[in-house]
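Please read them with the structure open.

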Amino acid sequence: MKGTFQRIVLILFVLVLFSVMTFAELIVKEKDFTMLPLIKLKFGSQERLSLQTTVLEDGKKVQVQRFEMTQGGMVKPVDIVFVIDTSGSMDDKVEKLKNSVRSILSIMTGMDYRVAVTGFGDSGSFKIYKYQGENFVNNASSVEYLLELLLDDNFGGDEAQIEALYEATKLPFKSNALRLLIMITDEDTTQSSANSSLYNTLIRKISEDQISVVCLLGSYDTHPATKDTRYSEISQKSGGYTMDLGSSGIESSMRGLAMALTDEYYLEYYTNCKFYDGRTTKITIGNQSMSIQIPERKVSLRIRSNMNSTLYVDSTVVGQTNQYITLYESTVPVNFRVGDQNMVPREFSSVVRNMDPYYELVPRKLSYDISLDYCGTFLGAVIVGGLLGFPIGQLVALFIDYDLSTECGFIGWVVTTLYLYLNTLGNQRNEQEASYDEYNLLVQRYFEGRCSYNDLISKYNQLK
């Protein structure tokens, strides 16, 4: 019985240890989607990463173009804004944060950082604490002072966390800084109606202003913050993460975040996402992960084609040709199909919005639909055959029987005409086949990135 109890304790210990390990997260510092499907990221890690570790996107392996640790750590300035729940249940956590600020910020020595402290409770209670009239400070003693001011306040228990985050986005951040909001609360977002009404507005704001959100969550009474999925949604879409304070504590959580801010990695990889469609993907490296949101962009396209039929994009019906069709914008090839005919993918512009480009579609492959000029070729052969073959036939008759000169002349005419006719048709067929082969080879080169779409259009127009 004693041995069984010890095994259970050991298993529970391993499970707890594993659960704490899985809380380690990566924080996104910069995102670059201008070369989609190639994504460029700068991110920080709470622990040292192996640059040979497989990179997964939504559980699937991706092609890594470049993965390295940057030299000199974090060079970019960082503006940190604490957004703290002032209810009484939070006092012990804020007190621990205040007491550990010096050791936490010491990890960031040498970095260009600024810290602001804000508090909230009921809707409309959001407050920015200032030191000598300034919103941001850059030393531990000033942050301790601001946290002490916050501990003196209690703004009510129906917390408006979403409203507070939205108000915090309005602070005067540096234009070139990593902008980081740290939400610290122990209750969910269901108690204030302001949270629901401002949720979508907040999502758009943090996306447009490139603000990352880290949520450090506790559990209080019947409305625990750790059970509210809104926090993880906000964090994931912004490149941040959430952490359970019950598992790691606020001091340990902040130390991990400080280490993630000082270390910096650079990653380039090819995403499996083809469109700028707003989806959120999870990137896993080792036992750590981060989420990034692919931007959503749309462009109005008018497709121009001499084939009047249903237009498909990636097997989806989007309308008829020669109509205005709204599609997601993309910098990767998109498969067009008109009717039953597959078309060569065309790249969309990734920069300009609300434009109406015209796309002339060309087939993915040309079959040997040979069109020979039988009538014209025959008439030409008859004329040339008469001019050449008749005299040659008469010349041959001189060596055979002069009396047969007329018959030989006609025979020479017929033979020359047939030869010229068949030979000319054969040359026409060979030329057209060669042109089709050249076009099909050009399509292959386009897929290999060795020729432009305009080269295909030019060749196609020549064939037409």
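Leaving aside neighbours within four places in sequence, which residues is Gln 293 in contact with? The answer is in point 2, after a word on the source of the values.

1. This is a predicted model, in which local features need pLDDT of at least 70 and side-chain atom pairs count only at pLDDT 80 or more, whereas totals for chains, interfaces and linings use all residues. Residues are numbered from 1 along each chain as its sequence is written, and side-chain values use heavy atoms, with hydrogens and water left out.

2. Gln 293 is in contact (heavy atoms within 4.5 Å) with Phe 33, Lys 237, Gly 278, Arg 279 and Thr 280, once its neighbours within four places in sequence are set aside. The residue belongs to strand 14, residues 288-293; helices (H or I, at least four residues) and strands (E, at least two) are DSSP runs numbered from the N terminus. With a relative accessible area of 17%, Gln 293 is buried, where buried means under 20% relative accessible area, exposed over 50% and partly exposed in between, for a 1.4 Å probe and protein chains only. From Gln 293 to Lys 282, eleven residues away in sequence, the C-alpha to C-alpha separation is 8.9 Å.

3. Strand 14 is largely enclosed by the rest of the structure, because six of its six residues are buried. In a regular strand, side chains alternate between the two faces of the sheet. Here Gln 288, Met 290 and Ile 292 point one way, while Ser 289, Ser 291 and Gln 293 point the other way, and all are buried.

4. Strand 13 (residues 280-285) runs antiparallel to strand 14 and is joined to it by six bridges; two strands count as paired if DSSP finds at least two bridges between them. Thr 280 has Gln 293 as its bridge partner in strand 14. The hairpin of these strands has two residues between them, and Gly 286 takes a positive phi near 65° there. Thr 281, also in strand 13, counts as buried at 2% relative accessibility, and, leaving aside neighbours within four places in sequence, this residue is in contact with Glu 57, Asp 58, Tyr 269, Met 290, Ser 291 and Ile 292.

5. Strand 16 (residues 310-313) and strand 19 (residues 336-338) pair over three bridges, and Leu 311 stands opposite Val 338 in strand 19.

6. The largest nonpolar core has 39 residues, with Phe 82 and Ile 184 having the most contacts inside it; such a core is a set of buried Ala, Val, Leu, Ile, Met, Phe, Trp, Tyr and Cys residues joined through side-chain atoms within 4.5 Å. Phe 82 touches residues including Leu 97, Val 115, Ile 182, Ile 184 and Met 254, not counting residues up to four places away in sequence. A second, separate core of 27 residues includes Ile 162, Met 183, Ile 206 and Cys 215.

7. The largest cavity holds about 90 Å³ of space, and its lining of 13 residues has Ile 80, Phe 82, Ile 104, Leu 105 and Met 254 nearest the centre. On a 1 Å grid over the protein atoms alone, a cavity is a set of points where a 1.4 Å probe fits but cannot get out, and a pocket is an open set with protein on both sides within 12 Å along at least five of seven lines, while lining residues have an atom within 4 Å of a point. Grid points are joined across faces, edges and corners, and a volume is the space filled by probe spheres set on the points. The cavity lining divides into 13 nonpolar, no polar and no charged residues.

8. The largest pocket has a volume of about 710 Å³, and among its 31 lining residues Lys 31, Phe 33, Ser 207, Glu 208 and Gln 210 are the closest to its centre. Strand 1 gives the largest share of the lining, seven residues.

Terms used
Nonpolar A, V, L, I, M, F, W, Y, C, P; charged D, E, K, R; others polar.
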